[in-house]
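Take a look at the model below. This report goes through its contacts, one interface at a time.

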Amino acid sequence: MSSINETIKEKTNSISQIRYGCSIGALYTAAAIPGVVPITHCGPGCADKQYLALAFYNGFQGGGYSGGAVPPSVNVSENEVVFGGEDRLRELIESSLKIIDADLFVVLTGCVPDLVGDDVGSVVGEFQDRGVNIVYAETGGFRGNNFTGHELVVKSIIDQYVGNYDGEKEQHSVNVWSLLPFQNTFWRGDLEEIKRVLEGIGLKVNILFGSESEGVSEWKSIPKAQFNLVLSPWLGLETAKHLEKKYNQPFLHIPVVPIGAKETTRFLHEVSDFAGLDKEKVEAFIKKEEKRYYYYLEHFADFYAEWWWGLPAKFAVVGDSAYNLAVTKFLITQLGLIPGKQIITENTPEEYQEAIRNEYKHISDKVSTDVEFIEDGYLILESLRNTDFGHKPPVLFATTWERDVAKELNASIVEIGFPASYEVVLSRSYVGYRGALNLLDKIYTTAISTSA
Amino acid sequence: MAKKKINLKTTVVENREQRLGTIIAWDGKASDLAKESAFSRQGCGGGDGNQCNLCEVRGPFTQGSVCSEQIVGCQAGNVRNSVLVQHSPIGCGAGQVEWNSLFRNGLAQRNLPVESIRILCSNLKESDMVFGGVEKLRNTVQDAWDRYKPEAIFISTSCSTAIIGDDIDGVATEFTEKLKIPVVPLHCEGFRSKHWSTGFDSTQHGILRQIVRKNPKKQEDLVNVINLWGSDIFTPMLGELGLRVNYIVDLATVEQLAQLSEAACTVGFCYTLSSYLAAGLEQEFGVPEIKAPQPYGLVGTDAWIREIGRVTNREEKAEAYIEKSHKKIEKRLNELRKELKGVKGYVATGSAYAHGIIAVLKELGVEVNGSLTFHHDPVYDSGDPKQDSLAHVIDNYGDIPSFSVSNRQQFQFYGLLKRVNPDFIIIRHNGLAPLASRLGIPAAPLGDEHIAVAYDGIINLGETILDLLAHKTFHEDLAQHVKLPYKKWWLDQEDPFILSKEPNIVSQ
């Protein structure tokens, strides 16, 4: 390949080395809820593309019960473009009810029906009137990415399925809105850990997605919760604001997903203060967790202090804001690594960017750093190339797209986000007390495996 | 037999269903499908695919398929020294993730320098749907040039840009003149063809029109091999005949594409893939396409090698190679036949490829009572009955009683597997193996598409099956612990195609 032109840096509309799916990628929001099956009203390749990108070549998470090749799809052809696809969608839903065993169907639209103007609401409405558990969301790919699609799908399930509620609230119960399922390669293990620590301090937790979710019955109990916890820099805020209005539910927003004992303990204190939990129980849980955590850190210290052949001092993080901020915080405040470059890639809505920047500015008492918002892989590459990582190679916390630049920089790379095509991820978690230890395993196994 | 004419006058490739009468749903005996296709067999219409008597079945229920744009990405996107521009909203760009993985792993398999794939998406938004996206396409093509200085730029269309009517050809022409490199529009919007294999044709159409050298200097020892990312088995094999290999399309350079017109002949590992390009090269540049059975199993490979020998005037070398190869594999082949006796296999792959794999399985003594293809082409572009790959397998190895065309429809696959209860399945493309796994049946995904080709391929596939049967432990355990997403009513249906015959059954 001919040489790269080094001078091209301005942002255009172009996106290379894609970092997210489109709005209809939120079919994996539906598929992340046990028992819920998406129905896609779109072209023949849309669902497969989102599957391969989000759920296959991203940690090889797999489609499970209702992803992969399972979701019914219209597979739009010329006929539906010319004459509209409502009849075809109706026929597909009708037959899906007979064939697919689902607690709830979520119809998602792609670009074609949104362009030709199919009235999907009225088709789905016919089934809702018959008492069928089915909702719809308009998720044409030109409308946004899978982050915004996620909030659309969540809202559609709440408004069209969970419905109104003005009964009692259940004290010490919480709905958790955190990592984006499937987009975040480690969401399953992470949600499990988040649920575990919240239960540990005495909360009843609606985790809503993944193996620990109770499925639609859990979603039905959303309105009863005492509050909503938004545990991410911005994703979930739309939902929480909607729930605040709809169910008169307050929400607590904690932008930093906690990794390691320091941050997780801080996180649990903040939640417990907000929820008014029994302090003794909270402290007892924290004590037990910290004991275990520092047992391992104590042993790890031998390696960290005595390894002869050099460990990286500087780091770069490239990826979604949730993990980007979480990992940056952990590396600086727990390990004492030096920030080199942080790049957030998920097309963060502008209104949230300033607050996120602020988090990096005040990342610890001693350290202040900055963050860039870039989506296009080429510009990310340029930014990394132009970073001064000092006297030795850094460690990159990034994606498969950064494998080439890692070679260029002679750096170690830990794939922590979409797409992670060289990671096989089952229940591995990187957050909380337990996940942090996995992350340490991963970082330093990677760093020293190149030493000989 | 009427020869199909490849029409290179327009930028838009003629769909497979229009050219070849391609279908995506059918169920019956392989021998009936071959007869109704009327390729080499006398069908009702008298031996021309256009007049074949093939009835496609259609039902109300479908699961997600694959689109032509995905295929263009995995073809044009995988040409080295080039850049693919996806003119689309961001969702089509999700394909970059899959193709990057295939590209990187493919490069590594061929011992080429590993690097990330070069694809840019024009990233159209809601306002572009109203005002048009041509300006953004211009930006992105310019970006592709400024960033990489490629030797060619391909532009793929999408459902959205086809509906809003962006003038992609106009931009391609403009930039071909401006940049002095081929800027090639590939029309591949997903809704335009019912089968994704039109995406192969779309890419090959663009290559034929704009990249292949118009004034070729013949290279009498060069053979075009139309393949994907497969391991390099053709170089040693054709080397025995004193021939060199020009691998096309994936992992090829633009120069390798340009010299397609200079070769002595064109071969492939799968007529579904190679049909259009090979026929086009013969029609436009006089590069003969090898018309023979595909190189699978002893009979097919013998005939294929002989035909290459004949066309390239290397008959003696071909005979020597055939004799040597038979001797080389004889012992292990006999052992494998013993070890695989009584084992039942099922093939679920693209069309012509399935015919080849079935031949190898039968050569190994594996029982094949059922198989499916994702689509079926009654004929290929050459129109030559010597390429009737389905008839070849039936004539030489016997009929396949349960032979289905099912376009990645997992709900049908359940019933199809229950019909014949195979010990393993062979697949390409994702979607079906996960269901087989949940039924306790292991699958071999043939990621290296060359694994079963020619003489060594017979042995390779046999060894693969032995490895695979050991995997059964995992799948059988899983089957005990998972629930399928299908209702009992559906799982109890004996006929996986019942909805096509009685569509009202769903509202009963």
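How many salt bridges does the rule find across the interface of domain 1 of chain A and domain 3 of chain A? The rule finds zero. Keep in mind that this is a predicted model.

## Domains 1 and 3 of chain A

Chain A is divided into domain 1 (23–162), domain 2 (170–280) and domain 3 (301–449). The centres of domain 1 and domain 3 of chain A are 34 Å apart, taken over C-alpha atoms. Nine residues of domain 1 and eleven residues of domain 3 make the contact.

These two domains bury about 730 Å² between them, and carbon and sulfur atoms give 57% of that area. Three residues stand out on the domain 1 side: A:Gly59, A:Phe60 and A:Phe147 supply 49% of the area that domain 1 buries against domain 3. The domain 1 side has five nonpolar, four polar and no charged residues.

## Chain A meets chain B

Now turn to the two chains. Chain B puts 79 residues into the contact, and chain A puts in 69 residues. Together they bury about 6300 Å², 57% of it on carbon and sulfur atoms.

Seven salt bridges link chain B and chain A. One of them joins the side chains of A:Asp101 and B:Lys483, at 2.8 Å from N to O. Helix H5 (residues 95–109) of chain B gives the most to the chain B side, with ten residues. That side has 33 nonpolar, 28 polar and 18 charged residues.

## A strand pair across the chains

Strand S1 (residues 15–16) of chain A pairs with strand S3 (residues 119–121) of chain B. The pairing is antiparallel, over two bridges. Here A:Ser16 stands opposite B:Leu120.

Definitions and conventions
Residues are numbered from 1 along each chain as its sequence is written. Chains are lettered from A and ligands numbered from 1 in the order in which they are written. This is a predicted model: local features need pLDDT of at least 70, side-chain atom pairs count only at pLDDT 80 or more; totals for chains, interfaces and linings use all residues. Side-chain values use heavy atoms; hydrogens and water are left out. Contact means heavy atoms within 4.5 Å. Buried area is the accessible area (1.4 Å probe) that two parts lose on being put together, summed over both. A salt bridge is a side-chain nitrogen of Lys or Arg within 4 Å of a carboxyl oxygen of Asp or Glu. Helices (H or I, at least four residues) and strands (E, at least two) are DSSP runs, numbered from the N terminus. Ala, Val, Leu, Ile, Met, Phe, Trp, Tyr, Cys and Pro count as nonpolar, Asp, Glu, Lys and Arg as charged, and the others, Gly among them, as polar. Two strands pair if DSSP finds at least two bridges between them. Domain bounds come from an automatic or database domain assignment.
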